[in-house]
Amino acid sequence: GNGKPGGRRCRCEGSRCVTEEKIPEESSGIFVGKQSLLWYSNKRLNLIPGREKEMEKRMSFWKTAMRRTVCAGLAAVLLLSGSVFAAAATAETVPETQPAEEEKAWKGFDFASYSDQVSTKIAIQIGDTGFNQLGFSQVQSDRYIESISKFADDMAEKGIRVISAPAPTSVGVMIEEQYLPQIRCASQKDMQAYLHSGMSENVVKVDVFSNLLEHNDEYLFFRTDHHWTALGGYYAYDALCKALEMETVPLDKFTEWDQGKFTGSLYGRVSHPSRLRADNLVAYVPPGDILMTVYRGNHYKGQEHPVIADFTMFDPGSKYSAFLSGESVLTVLENRSMEEGPSCIVVKDSFGNCYVPYLTEHYKTIYAVDYRIYREKTLKELAVEKGVNDVIFAPYLIATQATDGNDFFKLICR
């Protein structure tokens with residue numbers, strides 16, 4: 001039978017028909033393919049004698065499935081309307097820590113012109129540009145503050161200076177602050193201020209965000225990648241020089257090297273990658289005789305590499321590895337053109353790869369440590385062993401808001 005009221009239904013064992021029953025006219029049902037799910041308002045119908053419990057279980061299963069389907073549909077509608085759900089990352093509002101400043105003409109990304117071209121997959125796409133989402137977490141911010149402050153207090157006793165210079169993301173620098181709630185992102189200006197206002201007085205705070213904001217009409221961030229460009233790294237270096245009262249080396253003292261088309265990490269994470277505007281990777285080679293030794297793993301033997309490698313003939317997706325030869329546990333840079341000078345540790349992730357080369361003009365020796373994978377020593381042990389003058393924390397700002405990022409900071413600063 002077809003399982004409809006008034007039809008007939010048979011029960012079979014193998015290929016043999018055992019029973020045949022008529023389905024009452026008053027019954028009602030929902031049909032899914034060739035199977036029927038039946039339920040009744042006032043009485044229960046046992047279609048197959050002796051199998052009442054099995055039928056009851058099946059009906060209970062389908063009822064539950066239907067309820068979940070309806071709930072999922074309602075949730076989807078509410079999510080799209082934006083009336084109930086918000087991204088988990090933006091569940092908290094960044095506490096106001098700075099007074100409002102006089103408005104200036106906006107020079108960054110023109111969000112208003114692309115407000116009808118916003119889409120979100122894993123990353124945000126606005127017109128021809130991709131962005132990573134970033135929300136504020138007070139819990140994680142407080143963890144970062146605690147790790148850096150305690151480390152700085154310990155280092156102060158040994159005469160070592162600790163500097164905080166987290167790297168902002170493109171969405172905070174390039175998108176006008178009034179539009180950030182529409183894409184569920186927090187103010188990075190307030191986020192940076194919150195982090196620095198809670199830190200120990202033994203920490204030197206670098207306002208990287210404001211320095212980048214002053215230049216956001218320039219090519220500071222890639223459109224297909226989450227990293228800043230080498231030019232963005234230069235303005236972060238300039239902010240560091242201002243905070244440490246060092247003289248910034250003009251950009252034209254570095255050798256510009258255009259390595260051609262670049263396609264980054266956001267290309268496969270946005271809704272319409274073919275609409276993204278192409279990127280070009282430009283590096284700036286520092287002057288002087290600089291020896292760079294790369295340690296790919298903990299306790300590994302070092303290998304010499306150029307500070308900026310030639311990736312012009314490589315696949316466009318791999319070209320960011322031209323900076324510092326890509327990801328390494330520890331990278332040591334020595335400026336052999338400098339007879340003597342201070343040394344430092346830079347605690348970084350991949351954002352630091354195009355930032356560190358500029359520091360070779362001020363430090364004779366730089367120990368660039370990737371906090372995510374360096375486990376050979378603690379930072380305290382490394383700093384004391386190498387006799388460094390400064391320890392510069394320059395992580396991607398997202399890491400300061402993430403559980404795993406702060407797990408790494410706690411581990412390395414212990």
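Predicted model: local features only at pLDDT ≥ 70, side-chain atom pairs only at ≥ 80, totals over all residues.

Tutor: Two residues are in contact when heavy atoms of one lie within 4.5 Å of heavy atoms of the other. Arginine 161 belongs to strand E8, which covers residues 161–164. With neighbours within four places in sequence set aside, arginine 161 is in contact with Val204, Leu244, Asn389, Asp390 and Val391. Two of these partners, Asp390 and Val391, fall within strand E17, residues 390–394. Another, Leu244, falls within helix H6, residues 230–244. Arginine 161 has a relative accessible area of 34%, so it counts as partly exposed. The C-alpha atoms of arginine 161 and cysteine 344 are 9.3 Å apart, although 183 residues separate the two in sequence.

Helix H6 is the next step from here. Its 15 residues should span 21 Å at 1.5 Å a residue, and the C-alpha atoms at its ends are 21 Å apart, so the two values agree. Because 13 of its 15 residues are buried, H6 is largely enclosed by the rest of the structure.

The largest nonpolar core has 62 residues, and the ones with the most contacts inside it are Trp228, Tyr355, Leu359 and Ile392. H6 gives the most to this core, with 10 residues. Leucine 359 shows how parts of the chain come together: beyond four places in sequence, leucine 359 touches Tyr237, Leu240, Val346, Ile366 and Ile392. Of these, Tyr237 and Leu240 lie in the range of H6, while Ile392 lies in the range of E17. A second, separate core has 36 residues, including Met199, Leu382, Ala399 and Ile412. In soluble globular proteins, nonpolar side chains tend to be buried together.

The cut-off for buried is a relative accessible area under 20%. Glutamine 401 has 10% relative accessibility, so it counts as buried. Its side chain reaches the backbone nitrogen of serine 137 at 2.7 Å. The side chain of glutamine 401 also makes a polar contact, at 3.1 Å, with the side chain of threonine 400. Leaving out neighbours within four places in sequence, the contacts of glutamine 401 are Leu134, Gly135, Phe136, Ser137, Gln140, Ser141, Met191, Leu195 and Asn406.

One residue on that list can be followed further. Leucine 195 sits in helix H4, residues 188–197. At 0% relative accessibility, leucine 195 counts as buried. Leucine 195 and lysine 205 are 10 residues apart along the chain, with their C-alpha atoms separated by 9.4 Å.

Beyond four places in sequence, serine 147 touches Phe409, Lys410 and Cys413.

E12, residues 290–295, is mostly covered, with five of its six residues buried. E12 and strand E14, residues 330–335, run antiparallel and are joined by six bridges. In this pairing isoleucine 290 is opposite asparagine 335. E12 also pairs with strand E13, residues 303–305, in the antiparallel sense over three bridges. There, threonine 293 is opposite glutamate 304.

Finally, the chain as a whole. It has nine helices and 17 strands. Of its 414 residues, 47% are buried. Among contacts between residues at least 6 apart in sequence, 70% join residues at least 24 apart. The chain exposes about 20900 Å², of which carbon and sulfur atoms supply 50%.

Technical notes. Residues numbered from 1 in each chain as written. Heavy atoms only, no water. Helix = DSSP H or I, 4+ residues; strand = E, 2+ residues; numbered from the N terminus. Expected span 1.5 Å × (residues − 1). Buried < 20%, exposed > 50% of the residue type's maximum accessible area, 1.4 Å probe, protein only. Areas by Shrake-Rupley, 256 points an atom, 1.4 Å probe, with all protein chains shown as cover. Pairing = 2+ DSSP bridges. Core = buried A, V, L, I, M, F, W, Y, C linked by side-chain atoms within 4.5 Å. Polar contact = N/O pair within 3.5 Å; in protein donor to acceptor, adjacent residues only side chain to side chain.
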